[in-house]
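Here is a short briefing on a ligand site.

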Amino acid sequence: MACFSATQLHALSWTSSLNPNFSFLAPKLFYYPKPLRASFTSSNVEPTTETKVSSTAKLRELCRGHVPDHVIRRAEEVGYVIPTEVQRLALPFLFSGRDCVLHAQTGSGKTLAYLLQVLSAVDSQRAAVQALIVVPTRELGMQVTKVARMLAANPSECDSGLKLCTVMGLLDGGMLKRHKSWLKAEPPTIVVATIGSLSQMLEKHILKLDSCQVLVVDEVDFMFNSSKEVSSLKRLLTSYSSSKNRQTIFASASIPQHRRFLYDCMQQKWTRADVVHVHVNSVEPMPSCLHHRFVVCNKREKNPMLLSLLQRDSPESAIIFVSEQSEKSKKEGTAPPTTLLVDFLRSSYGRFSDVSLLEEDMNFNRRAASLSELRGGGGYLLVATDIAARGVDLPDTTHIYNFDSPKNAVNYLHRAGRTGRKPFSDKTCFVTSIITVEERFVLQRFENELMFCCEQLFI
Ligand SMILES: Nc1ncnc2c1ncn2[C@@H]1O[C@H](COP(=O)(O)OP(=O)(O)OP(=O)(O)O)[C@@H](O)[C@H]1O
C-alpha cells in the first residue's frame, strides 16, 4: 500500500475532490488525520464573535432579533426548543445573509435551519415571491410545505388583520391551473417547488423571481446528479435569478467531492464567492445510533429471510427498500418487485393491519395517501423504492431493510437515514441488508466509504 505523508495526503485529497478521475481515492478518509467534528470550509470561515454561539443556547436565543416571535413560539410549541448541532452552527451564518452549504447527517435538522432563515428574511406584508425552496420529489415538497406552513401560522395576528406569510407547494402532479390563478391573483410569500413544475411556471413568465431573496436547493447533490433536472437547475441558479441578488442555501447529507462542488459554486456563480460550507460530523456521515447488520442468502430465499427477520425483530415501524422495476420487466408485463413483496407480506406477515407501498409509478394521489396514512400514528410497514430515500421524514421508523441492495454508498446512506431521525434520542435503530454471497464485497465497499461496521446475523 502506498504510504503518504499527511501533507501529501491533504494535497491528494484536495486534488481528488477537484478531479472526478481521482475518485478511486475514496478510502483516503482512513489515512486522514482525524478531521474536526464540525468544520467551516471553502472560504476558511471560522465563527466570529457575532457568529459564535454557546453550546447551551436555546433555539429562542439563537433566533432572537432575526425570526419573528410568533414563529419562535410555534417552533417551541411543536418541540423545537434546543437547536441541533447543524442549527447551532449554521443559523448565525444564515442570519448574517451569507450563502451556505449545509452538509450534515440525515435527520440532523437541516430543514428547520433553512426554514428559520427563510421566515426571518421574508416580509409577509409584501405580495411577492420572496423565497423559493427547490426539492427533488413531490413527497419531500409536501413535507417541507407542511413544516413551513406550521411555523408561519399565527392565529392571533390573523385576528388582528395582519397578513400571514403564505406558502405554495408547486409540486409535480399538482393542480398547476389553480396555482397559475393563485400566482396571478396574489403571489405567495414562499414557494416550495419541484424543478419540473417550477420550470413550466418560469418559462411561461407566470412566476417571476425578481423579488426572491432566498433560494434553497434541498438534496442538492441528487439534483445535480439527475440528468433530467440538472440543466433546469443550472438555469434557475444563473439565468432566472442572480446569485448577487439573493442568498443561496444548499443542503444535503451527502455531497461527494464537496470541495469540487464548492469550487463549482463559486466558478459557475451558483453562489457568491464567500459561500460557507457548514460541515457537521464529517467523521461519521451516518447517525451513530444506527446498528448495521446483514444476512446472507440465495436470491430465492430472500422472501422467507425477510419474514424471519421481521418475526425476530418485531419492528415498531419499518421501511423495506426494493429496487425499481427494470424497463425490460415493464415491457414484459411482469408485476413490479414491490407489488410482489407487498402481496407476499400481506399474506404471510400478520403483525400490521396493512402493508403500505410507495413507488415512482404510483399516481401522485396514491403516493400522497400512502404517506399521510403512515403519519396518522401507530406502527407501519412500508415497502418503497428509493423515492422514499431522500428527505422523507417518518421519525417513528425503527428498522430499515435493504431487501435489494442500494446502487451505491450514497443511496445506502440515505436509505439508512430514514431511521434514527429523533435528534436527541439515543435509541438504537437497525439497518439490515439482505445480500447474496456475491454482494458481500459491495457492502464492504459501502462500509469503507461510509466508515461503519456491519454485523453478520445468522438466522
Ligand atoms: N431542534 C430540534 N429539536 C427537536 N427535533 C428537531 C429539531 N430540529 C429538527 N427536528 C426533527 O428532526 C427530524 C429530522 O429533521 P429534518 O427532516 O430537518 O432532517 P434533515 O437534516 O433534513 O434530514 P435529511 O438529510 O434526511 O433530509 C424531524 O422529525 C424534525 O422535526
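This is a predicted model. The ligand sits in the second largest pocket. Around the ligand are 22 residues. Both domain 1 (6-279) and domain 2 (290-456) contribute, with at least three residues each.

**Shell around the ligand**
- Y80, G107, K110, D393 and R421 come nearest to the ligand.
- Domain 1 (6-279) and domain 2 (290-456) each supply at least three shell residues.

- D393 places a polar side-chain atom 2.6 Å from an oxygen atom of the ligand. D393 is also among the residues that come nearest.
- T111 uses its side chain: an N or O atom there is 2.8 Å from an oxygen atom of the ligand.
- I82 uses its backbone instead, with an N or O atom 2.8 Å from a nitrogen atom of the ligand.

**Cover**
- On its own, the ligand has 640 Å² of accessible area.
- The protein covers 90% of that area.

Note on methods
Residues are numbered from 1 along each chain as its sequence is written. This is a predicted model: local features need pLDDT of at least 70, side-chain atom pairs count only at pLDDT 80 or more; totals for chains, interfaces and linings use all residues. Side-chain values use heavy atoms; hydrogens and water are left out. A residue is near a molecule or strand if one of its heavy atoms lies within 4 Å of it. A polar contact is a pair of N or O atoms within 3.5 Å; within protein, one must be able to donate a hydrogen and the other to accept it, and residues adjacent in sequence count only if both atoms are side-chain atoms. Accessible areas come from the Shrake-Rupley method with a 1.4 Å probe; for residues, only the protein chains shown count as cover. On a 1 Å grid over the protein atoms alone, a cavity is a set of points where a 1.4 Å probe fits but cannot get out, and a pocket is an open set with protein on both sides within 12 Å along at least five of seven lines; lining residues have an atom within 4 Å of a point. A molecule sits in a cavity or pocket if more than half of its atoms lie within 2 Å of its grid points. Domain bounds come from an automatic or database domain assignment.
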